[in-house]
Amino acid sequence: MGRRSCHRKSDRSSVRSLGKDKKKRGETGDATRLVEAGRRPEWTKDPSGTGAIVNPPVWRASTILYDSVADMRARVHDTHERLFYGRRGTPTTWSLADALTELEPGAEGTMLYPSGVAAIACALLAVLSPGDELLMVDSAYDPTRAFCDNILRPMGIATVYYDPLMGDAIAGLVTERTRAIFMESPGSLTFEVQDVPAIVAVAKARGLVTLIDNTWATPLYFRAMGHGVDISILACTKYIAGHSDLMLGSVTAVPALWQKIRKTAYAFGQTASPDDCYLASRGLRTLSVRLAQHQAGGLAVARWLQDQREVARVLHPALPDSPGHAIWKRDFTGASGLFSIVLNGGDDAARVAMIDGLQHFGIGYSWGGYESLAVPSDPQNYRAATQWQAEGPLVRLHIGLEDPADLIADLAAGLERFRECR
Ligand SMILES: Cc1ncc(COP(=O)(O)O)c(C=O)c1O
């Protein structure tokens, strides 16, 4: 994967280069980069020597055939981004990984995994050893916590949960054993925005590795490496793929940690389907327009919800009352379409009445596709360092690409059902 440009000088002959060279690439806007990244001529050009297809195609493989035993032996020591064995990827995989690396200036490379959770697990295992301590944000995605509690702990790796809003006070939790700090900003379900630069400064002063689950913002709305983070993790299942039709995860790392990430992924046999990588690459090309639309629709719905009596709070990082809003404004360049509402009083039955009758919102896990979703959730069940106290039950909403007016009308009817049941 690495940091090579999508154009190699030796390929200049027949295929017009995209983005020319790395230096020039770094100067382009995000939307341009999304369109051009990962489309190297060697993966798209006509084998006869003239012309090229637009998209690197699907290369499916298990066995790779070598020209000779000598060739086979030579590749054992030089296997990254060369066909070696299907598990280690094909140009379809490398093209997506390359593109994701290009979206994070300062990164060295990206590995791909069969899900976001697999990416999180492998990134943690790459940087932690028995005896180490991990500082984990208390608003982390629940399966991330489960991995820490059920897999890392029995291995002798302790997890200390911390308040997502504590910023540089995290220094007080660092011990001799602390090895890494994991962030997720904004947090799952409750959307606290973390002071990443403050936490990174503490980590750098103490020689700790920093990791972030950057799925909500994507590199488009929050530059993890630009803010000093060492390892950026995406559940590509969400906005990168964008169409609710595949599972995929990625880990992008700075040069100092890249080999560790790569070797750990190899050791665990992590691999991603070329078909899914192709679809995710296709999704990536439209990420900027989709995110802009998720943002606009999300804000329209969130602002309307703010004015409803049945809603006690709207947890949306771009709204001034949301926890960590000032930090979001300082560090992020946009907001995606996922946020939560806290209902005003009522119980689970009233919440269910609201959700069950929705016409335009699906009831289902995940998010980041083109469609709107609503799920009930209870953050108090996933907290250790902080307490979740609320005026009523919580509903997490994903605002898709539908007309916001239709979604608002649907939610208005839902809130009426909630009021009748409350
Ligand atoms: C914030 C966050 N990170 C990671 C994941 C895991 O991704 P996947 O479902 O691809 O395993 C999710 C899934 O919902 C998520 O919401």
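Arg88 lies over the face of Tyr266, 4.2 Å from the centre of the ring. In this predicted model, a charge also sits over the ring of Tyr161: the charged end of Arg145 is 4.2 Å from that ring's centre. The structure also holds three aromatic pairs.

**Trp216 and Phe332**
- Trp216 and Phe332 form an edge-to-face pair, with 6.1 Å from centre to centre and 70° between the planes.
- Trp216 belongs to the loop between β5 (209-213) and α9 (218-221), and Phe332 to the loop between α13 (325-331) and β9 (338-343), so this pair ties together parts that are 116 residues apart in sequence.
- Both Trp216 and Phe332 are buried.

**Tyr239 and Trp367**
- The pair of Tyr239 and Trp367 is edge-to-face, at 5.6 Å centre to centre and with 70° between the planes.
- Tyr239 is found in the loop between β6 (231-235) and β7 (249-253), whereas Trp367 is in the loop between α14 (348-356) and β10 (373-377); the pair therefore ties together parts 128 residues apart in sequence.
- Tyr239 has a relative accessible area of 1% and is buried.
- Trp367 has a relative accessibility of 13% and also counts as buried, because the cut-off for buried is under 20%.

**Ring cluster**
- Trp216, Phe222 and Phe332 are linked into a cluster by ring pairs.

Note on methods. Residues numbered from 1 in each chain as written. Predicted model: local features only at pLDDT ≥ 70, side-chain atom pairs only at ≥ 80, totals over all residues. Heavy atoms only, no water. Phe/Tyr/Trp six-rings, centres within 6.5 Å; stacked < 30°, edge-to-face > 60°. Helix = DSSP H or I, 4+ residues; strand = E, 2+ residues; numbered from the N terminus. Buried < 20%, exposed > 50% of the residue type's maximum accessible area, 1.4 Å probe, protein only. Lys NZ or Arg CZ within 6 Å of the ring centre and 35° of its normal.
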